[in-house]
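Please look at the structure first.

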2 protein chains.
Amino acid sequence: MTAPSTKASPPAARRRRKNNPESVRADILAVATREFSEKGLSGARIDEIAEKTRASKRMIYYYFNDKETLYLHTLEAAYQKVRLQEAELDLDHLAPLEALSRLVRFTFCHHAKNPDFIRLVMIENIHHGRFLAQSELIQSLNAGVIDVLTNVYSRGVEEGCFREGLDPRELHWLISALSFFNVSNQHTFSRIFDWHQAAPENQQKLEDHVTDMVMRYVRPN
Amino acid sequence: MTAPSTKASPPAARRRRKNNPESVRADILAVATREFSEKGLSGARIDEIAEKTRASKRMIYYYFNDKETLYLHTLEAAYQKVRLQEAELDLDHLAPLEALSRLVRFTFCHHAKNPDFIRLVMIENIHHGRFLAQSELIQSLNAGVIDVLTNVYSRGVEEGCFREGLDPRELHWLISALSFFNVSNQHTFSRIFDWHQAAPENQQKLEDHVTDMVMRYVRPN
DNA sequence: TCAACAATGTACGAAATGGTACGTTCAGTC
DNA sequence: GACTGAACGTACCATTTCGTACATTGTTGA
């Protein structure tokens with residue numbers, strides 16, 4: 001029975017319940033991201049997400065209608081975050097060689113630093129991309145990535161430091177593949193070949209190899 | 001009440017129940033492979049596996065103790081199958097360039113033709129490779145892969161058609177990454193970039209690019 | 001000030017799900 | 001042919017898990 005201090009005026013110390021929809025929603029989404037990325041759509045438990053949230057299970061169903069919708073929002077939020085980070089990359093003022101090399105290293109490091117995102121994409125692929133297909137948001141977000149590469153690549157071809165005839169989309173595919181695999185298959189690869197792939201020195205080596213590989217692939221002759 | 005014909009002698013037409021342990025076990029494993037690779041460890045349902053089997057749920061628990069053990073056996077069987085197919089590859093009598101190129105194409109095609117295996121590895125990575133770690137069988141199976149590559153690579157270096165200083169294990173990593181990603185991320189990549197990656201002509205293009213990329217990576221200078 | 005709607009807590013329900021108890025049939029041996 | 005252990009079927013149980021009904025509290029605008 002803590003007396004509510006001066007009923008409605010200041011956002012004072014303790015109130016019985018402070019409504020804060022946006023924060024609750026964000027909190028749920030953050031917890032859901034961890035849970036889904038860790039255990040997958042079917043492995044994650046709504047009750048467990050609820051427990052780890054400041055809110056209650058009721059709130060999950062209040063803001064997101066059901067488990068699958070929550071998962072979809074999680075996926076969308078993850079893609080949005082990625083695009084925001086990518087947008088910071090400014091390659092237009094760099095020479096093509098330098099720009100491409102930086103893009104590759106950025107992608108590699110970015111994936112390595114965001115395993116949650118990678119895992120969500122893995123999980124989404126296990127589900128045949130069925131949720132991603134429902135999301136117009138994600139579709140629209142990803143147009144720009146290819147544009148950046150197209151720009152860099154065509155500049156490079158003009159200047160003669162890249163060979164002709166490559167498709168920017170396929171180039172993006174190659175860069176993605178190497179950067180993605182580094183995170184997605186780290187556990188099995190490390191265990192099978194008894195090689196601590198996550199160790200900083202090995203990560204550095206892989207980053208160099210991946211960059212080197214792409215650069216060798218695009219250079220003339 | 002079909003009268004059992006001449007009680008015990010010939011393996012005649014219809015009997016009430018024909019005990020066939022090995023076949024039942026194999027059947028369960030085959031169904032489990034499909035279910036686990038399709039829906040993951042937590043997504044697959046024992047009841048559903050049982051339904052799709054000629055046997056009953058009781059038999060699953062009879063031969064495999066619980067869900068996780070069944071999953072582990074599924075994983076082991078998948079790895080075994082892969083190694084058997086790889087063993088058919090005979091590269092020792094080929095020139096290094098030809099041998100490496102063939103190895104890359106083989107890996108790429110093999111992965112493409114065995115999405116179940118790829119998906120199981122994805123799922124295993126979602127579980128941090130925790131089951132693979134329990135299996136001495138899988139650990140032992142995978143030693144040979146690197147040996148083959150080491151052989152080809154060192155021959156190539158001697159003959160001067162490969163550059164020095166590369167680590168066969170890292171080379172294997174690169175080949176795996178490109179071949180694996182082609183299957184594992186097909187759904188999200190196709191959907192995001194509105195590109196039918198699974199189409200034969202695109203698969204052919206990717207196979208060529210991947211091979212090309214590896215060959216350019218190892219060649220001298 | 002007070003109605004009206006938004007936000008939240010509590011308790012519960014129904015179905016799904018992993019696993020088991022218990023009984024029956026098969027197949028080889030003495 | 002009786003006996004024994006392996007192979008198998010049926011029915012069931014205990015828990016988990018998604019989701020909801022219902023009551024309550026906060027907030028905002030007229």
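The dialogue below goes through the chain interface, the domains and the salt bridges.

Q: What kind of model is this, and how are residues and chains labelled?
A: This is a predicted model, where local features need pLDDT of at least 70, side-chain atom pairs count only at pLDDT 80 or more, and totals for chains, interfaces and linings use all residues. Residues are numbered from 1 along each chain as its sequence is written, chains are lettered from A and ligands numbered from 1 in the order in which they are written, and side-chain values use heavy atoms, with hydrogens and water left out.

Q: How many residues of chain B are in contact with chain A?
A: Contact means heavy atoms within 4.5 Å. Here 55 residues of chain B touch 55 residues of chain A.

Q: What area do chain B and chain A bury between them?
A: Buried area is the accessible area (1.4 Å probe) that two parts lose on being put together, summed over both. For chain B and chain A that comes to about 5,500 Å², with 64% of it on carbon and sulfur atoms. In chain B, I126(B), W173(B) and M213(B) lose the most area to chain A, together 15% of what that side buries.

Q: How many polar contacts cross the interface of chain B and chain A?
A: A polar contact is a pair of N or O atoms within 3.5 Å; within protein, one must be able to donate a hydrogen and the other to accept it, and residues adjacent in sequence count only if both atoms are side-chain atoms. The rule finds 23 residue pairs here, both at pLDDT 80 or more.

Q: Which elements of chain B give two or more residues to the side that touches chain A?
A: Helices (H or I, at least four residues) and strands (E, at least two) are DSSP runs, numbered from the N terminus. On chain B, the elements are α1 (21-43), α6 (115-126), α9 (168-184), α10 (186-192) and α11 (200-218). The most comes from α9(B), with twelve residues.

Q: Which domains make up chain A?
A: Domain bounds come from an automatic or database domain assignment. Chain A is divided into domain 1 (19-64) and domain 2 (67-218). Their centres, taken over C-alpha atoms, are 28 Å apart. The contact takes 17 residues from domain 1 of chain A and twelve residues from domain 2 of chain A.

Q: What do the two domains of chain A bury between them?
A: Domain 1 and domain 2 of chain A bury about 1,400 Å², 72% of it on carbon and sulfur atoms. F36(A), S37(A) and L41(A) supply 46% of the area that domain 1 buries against domain 2, more than any other three residues.

Q: How many salt bridges are there, between the chains and between the domains of chain A?
A: Side chains of opposite charge can pair when their charged atoms come close. A salt bridge is a side-chain nitrogen of Lys or Arg within 4 Å of a carboxyl oxygen of Asp or Glu. Between chain B and chain A the count is two. One pairs R163(A) with D212(B) (3.6 Å, N to O). Between domain 1 and domain 2 of chain A the count is zero. Over all chains it comes to 29.

Q: Where do D212(A) and R216(A) lie relative to each other?
A: D212(A) and R216(A) form a salt bridge, with the closest N and O atoms 3.2 Å apart. They are separated by about one helical turn, because they are four residues apart in helix α11 (residues 200-218) of chain A.
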